[in-house]
Amino acid sequence: MKYRLPGINDKDILKAYVQEHHDNGEISISASLGLSSSDYTEWVAKIKNNALFGDEQWGKSLLFLCFDRDKLIGLLSVRYELPEPLSEKYGDIGYGVRPSERNKGYAAAMLEYALSVCKEKGMEKVILGCYKENLASAATIKKNGGTLITENENYKEGKISQYYLIRL
Ligand SMILES: CC(C)(COP(=O)(O)OP(=O)(O)OC[C@H]1O[C@@H](n2cnc3c(N)ncnc32)[C@H](O)[C@@H]1OP(=O)(O)O)[C@@H](O)C(=O)NCCC(=O)NCCS
């Protein structure tokens with residue numbers, strides 16, 4: 001797979017990526033940092049700013065477009081400077097795979113790449129969060145060495161969030 005930050009010329013492939021989720025009945029797009037509700041040019045500028053300078057609250061972060069050959073497969077968010085409380089609440093890494101490409105091993109490969117980036121940035125451990133009912137994400141995390149650390153009831157959405165630790 002190939003990984004790179006989004007650019008201004010990726011507007012059409014990202015539009016198709018969002019549309020495929022909507023056609024599949026999915027409104028929110030994982031790891032997209034508000035792509036579907038943002039002006040595209042502003043969104044690209046925000047991603048670049050996050051990579052170069054970071055955000056006061058979230059630190060620096062990387063949002064990768066993940067390709068297999070020329071096809072956009074998924075989005076991967078690596079928040080490698082998160083302060084501990086945010087890390088424990090949101091997790092250091094987020095990802096999503098387009099509906100037509102799920103269950104082919106892509107998320108596991110993307111998480112493996114994210115972990116290599118975190119290690120390169122000097123992190124010794126990462127925390128990942130996912131809903132208990134999200135069996136695919138939990139399997140992806142466990143496949144990459146994640147061990148369950150805590151469980152919290154998420155009353156806002158009425159779901160149980162689980163948090164996993166991966167030592168690098
Ligand atoms: C979660 C998600 C990223 C998984 O992507 P994927 O590319 O289909 O995952 P993979 O093909 O790499 O599969 C990884 C593991 O999950 C398992 N898996 C995949 N889909 C599954 C499902 N629906 N139920 C249970 N296990 C599943 C696979 O079998 C594999 O485990 P194994 O190798 O032990 O068999 C994808 O379903 C997705 O984008 N969902 C919507 C967004 C989302 O939930 N993001 C994560 C938020 S925490």
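This is a predicted model: local features need pLDDT of at least 70, side-chain atom pairs count only at pLDDT 80 or more; totals for chains, interfaces and linings use all residues.

Trainee: What lies between β6 and β7 in the hairpin?

Mentor: There are 4 residues between the two strands. In the turn, Gly158 has a positive phi of about 65 degrees.

Trainee: How do you know that β5 is joined to β7?

Mentor: The same criterion of at least two bridges applies. Strand β5 (residues 125-131) and β7 are joined by 7 bridges and run antiparallel, so they too are paired. Within this pairing, Cys130 has Gln162 in β7 as its bridge partner.

Trainee: Why are β5 and β6 called edge strands?

Mentor: The open sheet has 3 strands in the order β5-β7-β6, with antiparallel pairing. Both β5 and β6 are edge strands, since each pairs on one side only. From one strand to the next, the twist averages 25 degrees.

Trainee: Why is β6 described as hardly covered?

Mentor: A residue is buried if 20 or more other C-beta atoms lie within 10 Å of its own. Among the 8 residues of β6, the count of buried residues is 0. None of them therefore reaches that cut-off.

Trainee: Which helix lies across β5 and β7?

Mentor: That helix is α5, which runs at about 160 degrees to β5. Helix α5 (135-143) is also one of the elements that give two or more residues to the shell around the ligand.

Trainee: How many residues surround the ligand, and which are the closest?

Mentor: The ligand is surrounded by 19 residues, the closest being Arg102, Ala107, Cys130, Ala136 and Ala139. Besides α5, β4 (93-97) and α4 (106-120) each give two or more residues to the shell. The largest share, 6 residues, comes from α5.

Trainee: What is the make-up of the shell by class?

Mentor: The shell has 9 nonpolar, 7 polar and 3 charged residues. Ala and Cys count as nonpolar and Arg as charged, so Ala107 and Cys130 belong to the nonpolar class and Arg102 to the charged class.

How values were computed
Residues are numbered from 1 along each chain as its sequence is written. A residue is near a molecule or strand if its C-beta atom, placed from the backbone, lies within 6 Å of it. A residue is buried if 20 or more other C-beta atoms lie within 10 Å of its own, exposed if 12 or fewer, and partly exposed in between; C-beta atoms are placed from the backbone. Axes are lines fitted to C-alpha atoms, for helices over the stretch in contact, and angles run from 0 to 180 degrees between N-to-C directions. Two residues are in contact if their C-beta atoms, placed from the backbone, lie within 7 Å.
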